[in-house]
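Visitor: I'd like to learn how to read a structure like this one. Can we go through it step by step?

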Amino acid sequence: LPFGAVRTTEQYFGAGADQIDGVRRLRAAVRQRLRRSVPARQWSGARMFGSGGTFTNAARIILAREAGRAPAVHGSTITIGDFHRVLELATTLTVEERRQLPGLNPERADIILAGLAVATEVLEHFGAPGVVVSAFGLREGLLLHLSQQSGNGKEPTRGRALRRFADRCRTDRRHVEQVLRLSRRLYDALGRRLGCQEGDWEILEAAALLHDVGQLVSYKGHHKHSYHLITHAENLPLSPEDRLLVATVSRYHRRSPPTKKHPEYARLPKDQRERVKRLAALLRVADGLDRGHIAAVETLRIRLSPTRLRIEATPRLATTDLKLELWGASRKSDLLAKLLGVEVEIVGSTLGPADG
C-alpha cells in the first residue's frame, strides 16, 4: 500500500502543517484503506514483523529511553503501547528537536512522524499486541537468494562450492585467491606458535575465500555484511558450527579486532573465541598484504624470534611497488603481535623465494 514515510510526509506534513492534525488525517486515511483492502479477521493471531527504518528507529528510541543507550534492535519486540508513546512524544517535538532525540537517526527526523503514525494504525487494525523488529529487508532477502541459487545439480567439492558462493557474491577472485595463498604461508609458519589445532586451517581457508562476500551489499561495513551472508548461507559445505566460525573470522578481517563488546563474538564459547582470534590475526595480515588487489606479493620470508616477527614480502615483478601492501599489512598486524607477544615488522624485499 502507498504509505511510505517519504510519500506520507509530503502529503500530510508539508511546510506549515499542524503536526497533530497531520497525524490525525494520516491515521484516518490508513485506517480507511486497510479496512477496504486487508480484512483484519483473516490475520487473527498472526505474528507481525516490522522491517525498515521506522521500526528500527522506534525500537532504538524505546530502548534508549529504557536503558539509556540504543543497543542492537534486531529481534526485539515493540508493543502497541510503545508505539503510541513514541508517536505522542514525536508529535510534541519539532523536526530540529527530534534530531536530538536519543536513538533516532537524525536523517530520519523529518519523516519519522509519518512512519510512526502509519505503523501505529497498522498494529491497531490487526489488533496486534506488538511487532518483532527486523534489521533486514527485501534487499537482504534478494542478496541471499542470489547467493544461494542452485548450480547445475552436480555435487561440488568443498573448495569449488566456496568459490562458487564467493563468485555469486561478486567478489574479486584474484584477490581472494591471493589472500588464501598468503594465509596458507602465514598459517604454516606461525600456526603452531599461535596454538592452532586440527581443523583450524579449514576454517581459515573458507574465511579467506569468503571474507569479502559482504561487498555484494555494500563496501561500507562489508565485513559485517559478510558475517550475516555467511551465517545465513545454509547451502555452504560447512557444519552450522563451522559456518559460524567462518563468518566470525571473516567479520574480523578488517577494522576493529575481536572484542566482547560485539554480541556475535561474545556469544561464542571461550575456546571458539580463541580460535577466532588466532585465525583472524592471520587473515588480517594476509588481507593487508593484498591491499591493492593486484596480487603484488609473490613470496613471504617469515622469521620469528623471541622478541620479533619479521615478514619480508617479495614483489611479483621487480617494478612492483609494495608500499600500499606493506602499509595495509602493518596497520592490521596488531592482533597478531598481541597473540604472539612480539613486535611485528613487515617490510619489502628483493630476495628470492621464501624460506622458513
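This is a predicted model: local features need pLDDT of at least 70, side-chain atom pairs count only at pLDDT 80 or more; totals for chains, interfaces and linings use all residues.

Visitor: What share of the 356 residues is buried?

Guide: Buried means under 20% relative accessible area. Here, 48% of the 356 residues in the protein chain fall in that group. The chain has 16 helices and 6 strands, and its C-alpha atoms fill a box of roughly 75 × 50 × 40 Å along the principal axes.

Visitor: How do I read helix 9 against helix 14: at what angle do they cross?

Guide: Angles from 0 to 180 degrees run between N-to-C directions. The axes of helix 9 (residues 173-194) and helix 14 (residues 270-288) cross at roughly 135 degrees and come within 8 Å. The pair is therefore oblique, and the crossing is right-handed. Residues making the contact include Leu 182 and Leu 186 of helix 9, and Leu 279 and Leu 282 of helix 14. By type, the contact residues split into 11 nonpolar, 2 polar and 2 charged.

Visitor: Which residues does Leu 146 touch, leaving aside neighbours within four places in sequence?

Guide: Arg 168, Arg 170 and Leu 216. Leu 216 is 70 residues from Leu 146 in sequence, with 9.9 Å between their C-alpha atoms.

Definitions and conventions
Residues are numbered from 1 along each chain as its sequence is written. Side-chain values use heavy atoms; hydrogens and water are left out. Helices (H or I, at least four residues) and strands (E, at least two) are DSSP runs, numbered from the N terminus. Angles under 35 degrees count as roughly parallel, over 145 as roughly antiparallel, 65 to 115 as roughly perpendicular and the rest as oblique. A crossing is left-handed if the near helix is turned anticlockwise from the far one by less than a right angle, and right-handed if clockwise. Contact means heavy atoms within 4.5 Å. Ala, Val, Leu, Ile, Met, Phe, Trp, Tyr, Cys and Pro count as nonpolar, Asp, Glu, Lys and Arg as charged, and the others, Gly among them, as polar. Buried means under 20% relative accessible area, exposed over 50%, partly exposed in between (1.4 Å probe, protein chains only).
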